[in-house]
Every structure is written in structure tokens, then in C-alpha cells.
Amino acid sequence: MSETKTATGGGPSRREFLKAAGFTFAGALVGGCQRAPEQEAIPPLSQPEDIVAGRPSYYASTCDACRAGCGMLVKSYDGRPIKLEGNPEHPLSRGGLCAAGQAALLGLYDRLRLQHPSREGQENSWEEIDRDIRDRLHDLRGRGGLRVLTGTVTSPTIQASVTRFLKHMRENGDFADAKHVAYDPLSCSAILDAHERTGGSRVLPRYHLDRAEVIAGFDADFLGTWLSPVEFTHAYRVGRPLTGDPPRSSYHVQVESRLSLTGSKADERVCVAPEEMRAVLARLAVAVARQAGAPLDAADELSPSLAGFCDRLALRLWQARGHSLVLCGSQDVPTQVVCNFINHRLENYGATLDIDRPSLQRQGSDRDLATLLHDLDAGKIAALFILDSNPVYDLPDGEGLARALRQVPLVVCCAERLDETARLARYVCPHPHYLESWGDAEAVSGVIGLRQPTIPRLGETRPVIESLAAWAGAPKPAYDLLREHWKDHVLPRQARERDFEAFWDRSVHDGYAEVDPDPDRVRPKDFNLAKAQAALQAPAAADRGQTLVLYSKVGMPDGSHAYNPWLQELPDPISKVTWDNYACLSPDAAAQLGLGDGDVVRVEVRDGALELPVRVQPGQHDRVVAVALGYGSIVSERFAGIGPPWLEARPTVGENGLVGQNAAALLAWEGGTLRYARAVEKLTKTGKKHPLALTQTYDTLTLPAHLAPPGQERRPLVQEIGLSRLARKPAAPPHEDKPADLWPNDHPCPEHRWGMVIDLNACTGCSACVIACQAENNVPVVGRDEVRRHREMHWLRIDRYYSGAGAAVEVAHQPMLCQHCERAPCETVCPVLATVHSDEGLNEQVYNRCVGTRYCANNCPYKVRRFNWFAYAHEDKLQNLALNPDVTVRSRGVMEKCTFCVQRLQEAKIEARLRGEHLHDGEVQTACQQSCPARAIVFGDLNDRASQVARLRDDPRHYHTLAELNIGPAVGYLKVVRNRPDDGEGQRHD
Amino acid sequence: MTEVYPPLRQPLVAGDKSLADVTQEVCAPLERRSTALWWLAFLAALSLLALGVAAVYYQVTTGIGTWGLNRSVGWAFDITNFVFWIGIGHAGTLISAILFLFRQRWRTAVNRSAEAMTIFAVTCAGLFPVIHMGRPWLFYWMLPIPNTRGPLWINFDSALTWDFFAITTYFLISLTFWYVGLLPDLATVRDRAKPGWRRRLLAFVSLGWNGSYRTWHRYETLYLLLAGLATPLVVSVHSIVSMDFATSMLPGWHTTIFPPYFVAGAIFSGMAMVLTLMLIARKVMHLQDYITVRHVDAMGKIVLATSCMVGLAYAIEMFSALLSPNPYEQFTFLNRAQGPLGWGYAIMVTCNVLLPQLLWLRRFRTNLAAVWVLSIFINVGMWFERFVIITTSLERDFLPSSWADYAPTSIELATLAGSFGLFFTCFLLFCRFLPMIAIAEIKGVLRIGREGPAVEPRDPASAEASALAGVSRLDGNQGVKP
Amino acid sequence: MKRVLVGSFATEEHILGAARAAREHGLRIADAYTPYAVHGLDRAMGLRPSRLPWVCFGLGLLGAVFKLAFQFWAMAVDWPINVGGKPWNSLPAYVPVTFEVMVLLAGLGVVLAFLLRCRLLPGKQATPLFRGATDDTFLLALERPEDPGDVSVVSQLFRDFHAVRVAESEL
């Protein structure tokens, strides 16, 4: 019932928005894009000096999609943010922005976002709510504890106001033990606890992958979802430049139980059951200690092969000591302690791990959380303030927690959406989207990102800090609070600027400030070897049954993104499934149970069970069942109606009315931490079917055995080369033998000839480019059923190919987009000249001329053309505000495809002409290129011999996919480089 | 154009008929009330048509997404049906034009309905390229018409453009050819009709034909000219249809053998359809004397011949693919035969190549029931040929990442059914309201293989008498009103 | 308006004979009316071969030339567009459409010419006198000679060839 209220809440907010936007001309424009009556638009009375109608302006800000705190630029049209891009100057993200970060834009224009404060589901005014809460607090004084429950708080200002609020409560409110409890949906508590043991302070080190020559990852998906993927991806890329002689590249070993994105890029990948992980690390520790000449004895029950692997790895790590890095994603504290020991022995602390300027991206403490939950059950808590987090969804036994929450006299929830927790709160105090308000974030000690509002608030929302201040009895606008904090606490931490205003302006302009680490933080003490050795002695749990592994997906880091249609429809880079979570089983395990893709299986653990469709996943350990978190959130109810309605259409949501199912219910508490791996009691076939919406149904470049022409079993679409072979190869341009043409090319490109080169070795498949393209080019979301029918609309997709079989599978990612062929097959066959070639080498699609014969798509060898099978939804007027005004919204029945972001090319050319100079290389970037964290995509003018793209064309690794067709693609690829010990044999794809 | 018929030649028309008998028997069904059987067939056809209309309406209003197509398979049922129906059409032209040029006089019995079949088939075919468009209401953009965009003309390099011109030309020429052939018979029917709207209508459409020999004389020339034009036309049309595929890049489509292969296939399937229809019509319309076993026998031979050509094409295609250095080509054909749609390939080979070999046996050729059953199999087989060629190549082409299977939706099935509905509705109306047999031509061949004059002169006396009477009156200078 | 003597015959032999004889006697044959195209009657009546083939050829040529020219103009001259890097003037690609248009124009044109030449127009009424000619009678219409003597020759001639009926009418 409160649901319907918020649903209708969209209307008024829109009108409000229009009023506000009027002052920036947006009224007329927005009115245009949502067919609103003209009179709703208010003409500008005075022209704001920094906004020119029809011209985008960029604001530096900081991403809030997760706690990584990446810097970003907000592209804003007439006061209307339409795209989020990476900030190239940002010290952490360096211009990259992940899929989730870019997709967060839709959160701003979310019709179902909370717009008004409410009490017991009834809309209400802030004044009344505040008075109410203060009264309740007054009544409850001394009647029990007060807790503020949050996720990791990276914002110094919020942290400060929480502290202030608690202080106020302790002193004036008689809540003697008022406390702040932080937890993380994807907890890394064990790492912090381990460092508390070994280093005396609860810190999360900052990992410098760029400085590491040997990287060993243990169940840490650092390129995908772990801590700070964008930062890590960029650093990882820096660590393997393939320049110099011999070509330099870090050596990456990944030890994991399921095939993660990181594993897919590893030079050497070992598949180990989760419960063996600790033993493997222990063995590695022993081996490293032996290398270090300080042998220690430890229990060791490893298979010879694994033991051998550990010794080899230990040697390699030791040789690169000080330039090596061991990362561990385990939630088992002793295991983490062992990991710390290894890094310590390898002298990596201070080199590749920084604990003096630690990462603040995870601060949650599972121990505190456990205590809080216990107190809640015991009814010791009188008042609970939940700030921007959703424990009822995130934590196991949500029902139990819900029951407990109902008993708490005062529950206040600051949320963006009416999620599982907000539904239980007596008071719901919506806070604005981070694009609507001021804010800051210190993701890594010493790097403070700043947020500025880029649009007037769409609803009667209020920043958390304002609310806290109000409840603490000292109401103040967020802007002032923020500035005060910066003046008092940030300004002193740097020496460059003395004058606050100047410092502030620069920080707002840059979107971040680099300062000294917080002086009043406890410094880590020397490494405590004794504790570490104790951990080594502790026996590892030897469990030989099936293990359930709960992981988070690149496209769906946690439940807070479940509202986002772009992310829901983003194919998982490994499994290629959209709109669902599922139980990954290794091919053998699936075969044993007689299961295939889409068969529903029942996964039972001690205190719970889930029925999920199966996805057969090569590269996964046979005793592992992997299920993604972040699905089955109540906010995904909204997708019941998504997708074109027609006779045979099937709903996007499952029987539960939601997208996927919440696997957090199966999380386990163990040794004081939340565990993402636990024993499976029973795994049974239900006989039900739930066909998955896959964007890629055939997974390898190897043809089906009975259909493969002898000697042609593998298609050379993705090509590989061994590192040593690359070293040997002279850097001469690769001459693909060009077949003679039947006619002279009488179509010169006088000015520009646009081209692209994609480095398959750098590409991690993180899919940031896919979302970038979707946002830039108004690519519609089509819903689960349409994807199942192979009608996804993504202009840019990432093809993922396996080679090899079982656990030893190798993965290649190949971004595939329109290749803008010089002799494009699609153009010749179009009867109405709807797709033609420009004199800048672009393959252009003329939407309004297209009649939709689909001949072009049939004739496209890369199958990158997308057809508007239906009139795809643009009913959500509010969401339409996210549309890019520079790009046509395609109508039903026309073909569409990648345009090389022609609108950006035109804009750049005009700008250049206005400046009266030529377009310089790198001045124009395609959307996909802009946000690629790995800088894998290079775009430019091939006519300009000096341009980066032209130079890369002469790289020995450069090749064209399907070059033999002689259609002259403008997109080239750089071969994957395999850095194997048994190197040189890596010619699988050649 | 004098021809000498050896007296021993067996008659083309059985049952020793006089000219008047021919007129009477052919026109009888048109003047009788329709039989219950006809009504039954007509209602059945009509309801199929209605189903199809509903499906197409839904598809055009909702979106082409109501078909089972996807990003990889852009054509399937639509173009399959298109090629299938065009193929059906070609037999009509073959019979009326090519056999005419080859002086195959036996064609006269079947050419009229074969031509009718052509027109209806081409109508069905013509619908698909239009409704398969994403925006069918803009189909006229395929024409080079002056417009506000420059004017922007069309792409004459595209096989679809060629196709559009070919189909239009083919339809118009076939229609004219048919109508010209119909003229004298319309006059015959007109002159038998009782005064009333039907007669007035016939008078209007028969353009005042009165059997003048000066007209007949030019008519013969005209007919020859049209036949001469239609013959290369029919070859060009299906060659161009095949170029929709042959000029593309897709393995399994990009094949130089397609034009002859498709033309042979077209005539093959068309002949089968002619047999299907004729064998029913001769029973229902009591035309056994005109469509004799001999006709079936002759058509059986053509079917056999074309079947062998098609078989040869299949073999060469597979052979050259497997021996080609092009791995994609090789894979496509292995996939066609053994891939997900292998069963379709099996049906196509069985129905189009293996079963027709029975026609070597004279006993089989002259067993009408058997031939009819076979003709059905061939129709099915030829539909699958097109389906297999189009779909298998699209389902699995260059990039394995884009391989996607195809399955038709209810809407597509309904549309296919609808096209049959349209075809049979038209054909039944034709049987009901127009002479199914070319009366004038039959009369021309009536006496082939018969000794002496078809009609014995009346006994001299009466002849004298009437003649004298006439003259006497002539002497009296009075004209006689007949 | 000329008066004619019309003899109706039952078989094509009779009318053929009658026609030949009539020309031997120097009688002028106005026209003949037959249920089907009786072979040889044209020679018997001394008709010259039709000129329709020339019409057909001319129109065909016109269509072909026009279409070829148009395609070249549209693709290479009026608005040259780079389509798949093909040459501006890709002649081979123009052949199919050229051929189709040639056939179309020739076919429709020749039929039109035929109808006009034979004055076969929609709604035109046929003379009732010759109604039998669309069924099973063969009619031979001779122009009525001036002197009565020749008229008897005509009736004699009709009689010799078993005319079923003789009548006089106007054309």
C-alpha cells in the first residue's frame, strides 16, 4: 500500500523538477522529451552564466555506487545529468568507471525512489517527523541502548556528524552506550581483524597492484567486485605494459574455487575447493619461510600437485619479494593472518601493501554486527538509526532480524528506496541521490572525493547529515556542515593551500583533494610473528562435501543495485546470463546430477534452502555450487511489467514476483565473521525448468566435434601469443596477405578516417563499456523474455570464449561492436540506402530511412546490428530524463548499431572548428573508450599517422577479426598475451 | 503456323466431342449452382485466410517481434514462404509460355488453371516481402519515386531492389498473359449468359470480342510474343530471387550455383502444385476428358526431370563446399546436414530427390492417386528446402558467440496457413466463375488424332434447302434476322 | 457501313475452302468469324503478317535504354552515395532491373497496341449476328457484289461448301 503511494509519488516530483529545471532552459527541452504541455516549462528569466542551452557541462564528483570512491565527471545537459564518466585526473580510478557506477544515473531518475519522509507509511512533513523522533528519543531515554547502524562510512563529514549525534545522545539523551555499528554487505571484516592481530590496528591495506611483478590472488576477485575493482584494474593494466625488451608484464596467479573475472585474466589459474584455501596458503607460507631461510613446521595435508604448485609459486614470489603481492578474499581470520605473514615475509608491506595510508573502503566489523544482532534479540536496544543500509536483506535470517526490529521502540531508517528494512522502520527519512546533494568520501586515506549537486532535488528528501544534525538539536544545511568539516579537519591536512576558499574551490573543481592521512588514527605496530605462526598451526577444516559459494556479480555488486534495469540486463561477463541469479555447477558435477542449463536445482544448507536454475560453469571446482548475491530484492518487484507485452511474452520476474532470489539468506556466521562459503547439505534435482536469459549460447571457438571440418576445429577469431614469442618476434608491422580487389577504391577519406584498436590483453571483460554505450546511445532495456529470444539491444557486447575444458579452462574476452568495414556487406544489400558509408570511414545507419528488411543484419558477419522488434518502452517519463538529447531514440521496426559515437565526433569537430584548429589525437573519445578502466580501447583518426590508434595498427599483436573476408574492418584487435611457464605453446587460437 | 498431325496420334481430348460439347461442358460448372463440395472447400479456405489476416493484422500493429526471429536469424518463415510461393508460380508460366514455344499442344488442357495458379501464388509471395518489413507501411520506399529527401533514389546494387522489380514485373506480365488468353472464352461465356448483370459484366470484360479472324490473326502473334517474353522472364525472376542469397556474404547463401538451382527447384515445386490442384479439379469439375492420364504422365516426366536437376544441385553444393578451402563454407554444410536442423535437411532430400524417383515407373506415373500423394510430399519438401537454406546459414555463421537458434511463433504459423487460405480462396473462386479450360485452344486441338472431320456435314438435302431458302430471300432483297 | 453476305459453316475445312474459292472468284472477303484461330485461314484470306513484333521490339528497347540510363544517373550522377565501397557506376548490378523493365514495357505495351488496333475496348458490344462464332459456327463474310449475277455466284459458292445458313447483314 505504501508501494502505491511512492509509485504515484513520481508525478508531482516531475512537476517540481520542471519548475526547478526551468531556470536552466531544461523546461522546454524536457517538455520536449516527455511530451509535456508547453506551459509547464518556465523560460529562463536570467541566463545562468555557466550553462549554455544545448551544450553539455561537466561537473567533477565522486561515485557513490559502492565504497570504492572513484572519481567521476557528471555530463549534464541543461541542468539534467545524462551520463556519468570516469574522471581521468582522479588518483584512484584514473578515468575509469565501472558498470555499476555509470548505471547509478538511473537511480537519480527512479520513479520509485522515496520522495517524502513518512511515519508508518504515511507521508509527513520533516518538521513533524523531527519533532516526533526527538520526542520519542526523550521518552526512551534510559530505556535501553541506542545504535546507529550503517554500511562502511567513507564520508568524513557523515562520520563526524554520526559521532556528534552519538555524543549528543550520550550526554543529553541518557543513552550511555550510544554506539555506531558499521557492517558491509560484502564483508572484508576478516582482513581488518587479521591486521588487528598482526599489526595491532584494524586496517585494510591499500594494495598497489601496479608495483607488483608477481600477483597471487586467493579467492579475491579484485578485477571484478573485490574492494575497488576500477582502481585495481587500472593498476593491474599498468603492471603489464608489454613494453621494453623483453616485454614487461606482471605474472598473475589466481587460486580460486569458482571462475571469477579475475581468474579469467590470470596467467596461471588453480582451482581449489574453498575449504582447502587455508591449507594452500599455509603451505605457501611454509615454502616462502623456507625461501626466506626461516623454516617453520606446519601441518600439511595437501595433494602433491598442489604442494608442488605452492613451492613453485613461493619461489617466484620470493624472487620478486618487495615487488610481489598476495591477496586473499577469505573471511576466515586465521587464513588472512597467514596471508599477512606471507606478505610480511615477502617484504611487501610498505611496498605493494600500504597500511600507513590504508584503504577505508571496508570498515565494517562483523563482530560489532553480531553483538548488535544479539542485543536486538535480547531487546536491549531502544532506538536504532539505520543509515543507508538494508540489513534485513543483506544478512542471513532476515525474518529473524525483521521480527527483532518490530520489537524495537524506535526505528528510524534513512533510505533511498522502500527496501526490506525501510518497510519495517517506523520513520523513513529519505535522503537525496548523491547527484542531488553535497557530500564527500575518503575511500583511501589521504584522497578525499567531493560531491556536488548537479540537479535540484526531485523530492522532499534530506541529506543524512542534515537529519542527524536536526535530531541532535542543531539543524544546519548540509552545505554548511560539509564546509565546516572541511575547514576544520581537511584544510589542516594539506600544505598547498592556506586559504580555505581557494582550497574549497579547487577541490570542488577537481572533485577530490589529496591530503595527508588523518593524524589521529592509530598507527600500526610492528608485525606480530607469534600470532601469525599460531595461525599456521591451527588445523584447516577438512570438509569433502559440496560447498556453497556465495559471490557477487560484476553487474550486481550488492542488493542496493537491484532497482537498476541496465545492470539487471547486463550480461554477466563470465556466465553471460542476464536478469537472474542461478546455481553454477561444474560440467562434471552437473552431469553427475543429470542437470543442464535452466534445470531447477534445490540447494539445501543447514538452516535454509533455495531453488535455483542451473548454469553449467566450466573452470569451477567440482565440489562447488556458486550462487550470486544481490538478487531477489523487494525493489525488483518493479520489473514485473518490463519488456514488450504481446501474445507469447513471458514475465521478467520469477514466481516470487522478483528478479532472482536472495542468496544472502544462506550466509553463515562462523568464527565471528560472515562466511560466503559453507557446506551444502543436499543438492537435489527438482525436475522444474527455468530457461536462463543468455546472450551467448555457444561458449567456445571450437566447433562441435561432429560438424568441424578436419583441421579447422577452431576459429581464429581471438588470437593469442606467448610472452616469450612476443619478445622473440621482431616488431615489424604484421602484413595480413591482402587479396586483390575487384575494383579500385574510388572512395577516399580526405579528412578523417576513424578507427579503433582494442587490446584483448588489457580487456578484463568488466563490461563498463557496455553500460557506457547503453547510457550514451539511449539503448533500450528489453526485459528477460526478449533477451531469452536473443533480442538484447546492446550495441557493444563482450564475447567470451572458453578454451580447454573442465577446471583448466582458459578465457578470452572480445568486445564486439560494429567494425565499420570499408567494404561493408551490410551497406550493399540495403534496398533503400538506409545504411551507407561516410567519407570519414563511418558505416552510418539512417534510422528514418530504414524500412526494416533486416537484410543488413543477416549479411553482417559480426552480427552486431540490432533491430527494434517492438516499440521499446519509453513510458517512464522520469527515466526518459536520462536520455542523451544528442542521440535519436529509435522507433519500432528500424535497425540500429554502433555509430562510433558519431555525435561525439561531430561535437569535437565543431569545437575544433570554433577554435580554428585541427582535431588533435585523443581529443575525441567514444563512450566505451572513455570509461574503460583498463584503457583497452583506443580510438582515433587513422589518417593521422602520429595518432595512437594508427601506431597500434603497426603493433606486432595487431590483427583483424575475419580479415580473410577482405571487408576492411576499421576496428582492430591486439592479441591476448599468455604469460605461461610453458610459454610459447599458447598458440591455441592462432 | 500450319502443323501436320499424324493420323495415328492419340487424341488430346477423350470422348469424341463436338465443338458445341466443349463449350457446353466447360461452361456448365460456371452456370450450375455451386456444389456442396465447393462450398465446403471454399469455407475452409476462407477461414484459413481469415486466420492469416488476423495474424498479419496483429503482427503489423504490434511489431515484427511477434515472429520468432532474433538478432542472428533475421529471416526465416517470411522469406521461406516468399520463395516457396514464387516457385509455385513458375510452373504456370512454364506451361503457358515455354511449353507453348515447344509446341506441346497437350498444355492446352491445363494452361489456363496453371496460369491462374501462377497469379495467385505470386500474390501470396508478394505479400511476404511487404509484411516482413519492420515498417511495412513504408514499403513503397523500395520504389525510385521522387521524394523530399534530395531526391534520394534507391540502391540498385541491392538484390532486394532487383527482387522488387522482378516480382512486380512477373506479376503484371503473368496477369496480362492470363487475361489475354481468357478473352475469347469470356466472349463465349458472355454469349451463353442470360441477360442480366452477369452478362453485362462479361460483356464489359470481354472487350467486345466477336471471333473476328482479323483479330484472331493478330492475337496469335501477340500470344507468341508474350510467350517469348514470359519465358526469359520466368528464368530471370527466380534467378534474381536466388541472388537475394547468392549476392550475400553468408556461408551457404553465397553460392554461384543458386540461379539454375533455384529455377529448377521452382519449376519442380510448381509442377507438383499443378498436379495437386489438377488432380482434384478434374474430379470435382468433371473434366476427366480434358485432363487425361496422358497429361499427368507428361507432367510426371517433367517433375522427374526437375527433381533430378535439384538432386544434382544438392550434390554439387555439398561437394564443392566440402572441397572448398573455406572452413566457414565447409562447416555450414556439415551443420546443414547434421546440425540442429538436420531433420529438415533429411525431409528435403527425401521428398525432393528420393521419392520422385518412383516416377521412372510408368505404372506409378499413371496412377493418379499415387502421383497426387507424391505431389504433396514434393510441396512439403520444397518448402523445407528453402527453410533449411535460409535458417541454417543464419543460425550459425561466422562468430560462434552469435549463434542463435530459431523457432516459429504461433503468429508465423498462422501467417503461413493464411497464405494457403488466400491461395485456395482465389483458386476456388476462379474455378467457380471462369472457364478452367482454355475453350478456344481446346477447340483448336479437338481433332488431333482423329480420322476425318470432327463434325460430319449435315445431310446435303437440308443443307441445300436452307441455303436455297436463304438465297431466295436474298433475291427478295430482304436481309434475314438470325 | 458496307453490306456483307454471311455464310455459316460447321467445320473449318468448309470455311477454308469457301475462303479460298471466294478469292479465286475475285470476291472481297470482309472478315471471318471463328470459335478458334483456324490455321491457314489467314493465308486463305490473304492477310498480311501482323506488325506487332516491331511494336514489341521498339518498346522493349526503349524500356531497357531508359532504365539503364536512369540507374546510372541516379547512382553515379544525381546523388553518388558510397555504398559498401562499390564503384560509383557498378554496371553489372544494373543488369537485372534493366531486363525486368524491358520485359515489362514490351509486354504491357504490345498488349495495349493489340487492343487498340483491334478496337477491343471495355464495354464494347459485339454484333449479335456473329454470336455463334464464339461457340461452334464458322462464319465467312463476303462484301456484297454490286450486280445481282455475282450475288448468285456467292450463294452458289456458299452452297458448294455446305454453308449451313446464309444471311445478309451490314458491317
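Student: Which side chain does Asn843(A) join through a polar contact of 2.6 Å?

Tutor: Keep in mind that this is a predicted model. Asn843(A) is placed in strand β36 of chain A, residues 843–845. Among the residues Asn843(A) touches beyond its neighbours within four places in sequence are Cys826(A), Thr835(A), Arg865(A) and Glu827(A). The side chain joined to Asn843(A) by the 2.6 Å polar contact belongs to Glu827(A).

Student: And is Asn843(A) buried or exposed?

Tutor: Buried means under 20% relative accessible area. Asn843(A) has 2% relative accessibility, so it counts as buried.

Student: Staying in chain A, how many residues of helix α8 are buried?

Tutor: Helix α8 of chain A spans residues 229–238 and is mostly covered. The buried set runs through Pro229(A), Val230(A), Glu231(A), Phe232(A), Thr233(A), His234(A), Ala235(A) and Tyr236(A).

Student: What do the buried residues of α8(A) pack against?

Tutor: One partner is a helix, α9 (261–265) of chain A. The other elements that the buried residues of α8(A) pack against, also in chain A, are the strands β8 (204–207), β9 (214–218), β10 (251–256) and β17 (439–444).

Student: Over to chain B: how do α4(B) and α14(B) run relative to each other, roughly parallel or roughly antiparallel?

Tutor: Helix α4 (residues 108–131) and helix α14 (residues 410–433) of chain B have axes 10 Å apart and pack at an angle of about 150°. Angles over 145 degrees count as roughly antiparallel. So α4(B) and α14(B) are roughly antiparallel.

Student: What kinds of residue make that contact of α4(B) with α14(B)?

Tutor: From α4(B) come residues including Met117(B), Phe120(B), Leu127(B) and Arg112(B). From α14(B), Leu422(B), Phe423(B) and Phe430(B) are among them. The contact of α4(B) with α14(B) divides into one charged, four polar and 13 nonpolar.

Student: Is the crossing of α4(B) past α14(B) left-handed or right-handed? And which hand is it for α5(B) passing α7(B)?

Tutor: α4(B) passes α14(B) in a right-handed crossing. For the other pair, α5 (residues 159–192) and α7 (residues 213–246) of chain B, the axes are 9 Å apart and the angle is about 155°. That angle makes α5(B) roughly antiparallel to α7(B). The crossing of α5(B) past α7(B) is left-handed.

Student: How many nonpolar residues are in the contact of α5(B) with α7(B)?

Tutor: Two residues of this contact are polar and two are charged. The nonpolar number in the contact of α5(B) with α7(B) is 23.

Terms used. Residues numbered from 1 in each chain as written. Chains lettered and ligands numbered in written order. Predicted model: local features only at pLDDT ≥ 70, side-chain atom pairs only at ≥ 80, totals over all residues. Heavy atoms only, no water. Buried < 20%, exposed > 50% of the residue type's maximum accessible area, 1.4 Å probe, protein only. Helix = DSSP H or I, 4+ residues; strand = E, 2+ residues; numbered from the N terminus. Contact = heavy atoms within 4.5 Å. Axes fitted to C-alpha atoms, helices over the stretch in contact; angles between N-to-C directions. Parallel < 35°, antiparallel > 145°, perpendicular 65-115°, else oblique. Left-handed = near helix turned anticlockwise from the far one by under 90°. Nonpolar A, V, L, I, M, F, W, Y, C, P; charged D, E, K, R; others polar. Polar contact = N/O pair within 3.5 Å; in protein donor to acceptor, adjacent residues only side chain to side chain.
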